[in-house]
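The following note goes through the chain point by point, for a colleague who has the sequence and the model open. Please read each point beside the coordinates.

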Amino acid sequence: MTTTVLVTGGCGFIGHHFCEHVLKNTDWDIVVLDSITYAGSLSRIVGIDLLDQGRLRFVWHDLRSALNETVVRMIGHVDYIVHFAAETHVDRSLEDAVPFVMTNVLGTLNLLNYVRRSQPQAKTAVISTDEVFGPSSGGAFGEEDRFRPSNPYAASKAGAEMLAYSYAYSFKLPIFVVRMVNCFGERQNKEKFVPKTIKRLVSNKKVVIHGYSKKDCASRSWIHARDASDGILFLLGKATPTEFYHLAGEEWSVYDIADVIHQEVTGLPLTDEEVEYVPYETARVGCDKRYVLSGVKVMSLGWCPTVGVEESLRKVVRWTLKHKNWLY
């Protein structure tokens, strides 16, 4: 019998990369469950290699509502579930937190109820974020460190994580949580830092960076969505229910990320004259300077990213320059 994975949010940025990775590296079938919001696009799915093999099906559903009998029947039996579907933009959550609670908390609850009632055998990965910990002031956060979310988006993901853990523990379901760092890659939403920076540079505008200088600016851990997908696929085989796992990537300052992008767009290094620095306190409410996760736990299981950030980023910029429709 063919193995099947249900991917919620499969038309989103990371979700569609995961679908592509599964098609290329397994013989599994895929059911994509998506409501096609501003962050989701069927054009991402259409652009996937191997799509013509008939191994991917699409089911429309908004997880803010419980999965009814028709949707459950359309999905059918699945062996694995990867729950990407979420609202993810911090600035939007600061303007209006309600959609984040509805999608990230209630949506996750509706999915968990579906797992409990209809797919209790399905090993389920609930995808979360490094932002649940708040800013990193010292070393990297480990899986068991305390939560201190500093924006409504992060708080909603912390709530989703705790629901996932409670269902895994209380109902003995094979559910685990994967925390991600800043992902980048082809076909990313234009509101994110990498495509936004590419767009500003091709439009001859200054790069916007949160901070005061090259040496005092925001820093994040970064990973290509393809490597993140590989890590998730690895954990579907290795993860233990109720456990938490970090896909950590590499720490880079936003200036250094922008510099690599600038080199690919212009052929020259980025200079301070081409940067608009925005102080943390005015960039946005609760702006966090640094997020960093420890990837030791997953590395001890035998996984690490296969391609470095710089190599991946340069390829993404070159691809985007050839497909500028993803910038608008």
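1. Throughout this note, a residue is called buried if its relative accessible area is under 20%, exposed if it is over 50%, and partly exposed in between, with a 1.4 Å probe and protein chains only. The model is a predicted one, in which local features need pLDDT of at least 70 and side-chain atom pairs count only at pLDDT 80 or more, while totals for chains, interfaces and linings use all residues. Residues are numbered from 1 along each chain as its sequence is written, and side-chain values use heavy atoms, with hydrogens and water left out. Helices (H or I, at least four residues) and strands (E, at least two) are DSSP runs, numbered from the N terminus.

2. The domain assignment, whose bounds come from an automatic or database source, divides the chain into domain 1 (4–183 + 222–249) and domain 2 (186–220 + 251–287 + 308–327). Taken over C-alpha atoms, the centres of domain 1 and domain 2 are separated by 26 Å. With contact meaning heavy atoms within 4.5 Å, 22 residues of domain 1 touch 20 residues of domain 2.

3. Strand β6, which spans residues 175–180, is mostly covered, with 6 of its 6 residues buried. On one side these are Ile175, Val177 and Arg179, and on the other Phe176, Val178 and Met180, so that both faces of the strand are covered.

4. Two strands are taken to pair if DSSP finds at least two bridges between them. Strand β5 (residues 123–129) and β6 pair in the parallel sense over 6 bridges, and Thr124 has Ile175 as its bridge partner in β6. Between β5 and β6 the chain passes through helix α6 (residues 152–171), and this β-α-β crossover is right-handed, that is, with the strands pointing away from the viewer, the path from the first strand over the helix to the second runs clockwise. β6 also pairs with strand β11 (residues 244–247), again in the parallel sense, over 4 bridges, and here Met180 stands opposite Leu247 of β11.

5. Rings of Phe, Tyr and Trp (its six-membered ring) are counted as a pair if their centres lie within 6.5 Å, with planes under 30 degrees apart called stacked, over 60 edge-to-face and the rest tilted. By this rule there are 11 aromatic pairs. One of them joins Tyr167 and Phe171, whose ring centres are 5.0 Å apart and whose planes meet at 70°, so the pair is edge-to-face. Both residues belong to helix α6, where they lie 4 residues apart, about one turn of the helix. Tyr167 counts as buried at 10% relative accessibility, whereas Phe171 counts as partly exposed at 32%.

6. Another pair to inspect is that of Tyr212 and Tyr280, with ring centres 5.5 Å apart and planes at 85°, so it is edge-to-face. Because Tyr212 lies in strand β8 (residues 207–213) and Tyr280 in helix α10 (residues 280–283), this pair ties together parts that are 68 residues apart in sequence. Tyr212 is partly exposed at 41% relative accessibility, and Tyr280 is buried at 12%. Elsewhere, ring pairs link Phe133, Phe141 and Phe147 into a cluster.

7. A charge is said to sit over a ring if NZ of Lys or CZ of Arg is within 6 Å of the ring centre and within 35 degrees of the ring normal. The charged end of Arg116 sits in this way over the ring of Phe171, 3.8 Å from its centre. Lys297 lies over the face of Tyr245, at 4.5 Å from the ring centre.

8. An open sheet of 3 strands runs in the order β9-β8-β13, with mixed pairing. β9 (216–217) and β13 (275–278) stand at the edges, each with a single partner strand, so one side of each has no neighbour in the sheet. β8 and β9 run antiparallel and are joined by 2 bridges, with Cys217 in β9 as the bridge partner of Gly211.

9. Two backbone positions deserve a check. Most residues other than glycine have a negative phi. Arg187, although not a glycine, has a positive phi of about 65°; Arg187 lies in the loop between β7 (182–184) and α7 (193–202) and is buried, with a relative accessible area of 11%. Asn204, in the loop between α7 and β8, has a positive phi near 60°, and at 73% relative accessibility Asn204 counts as exposed.
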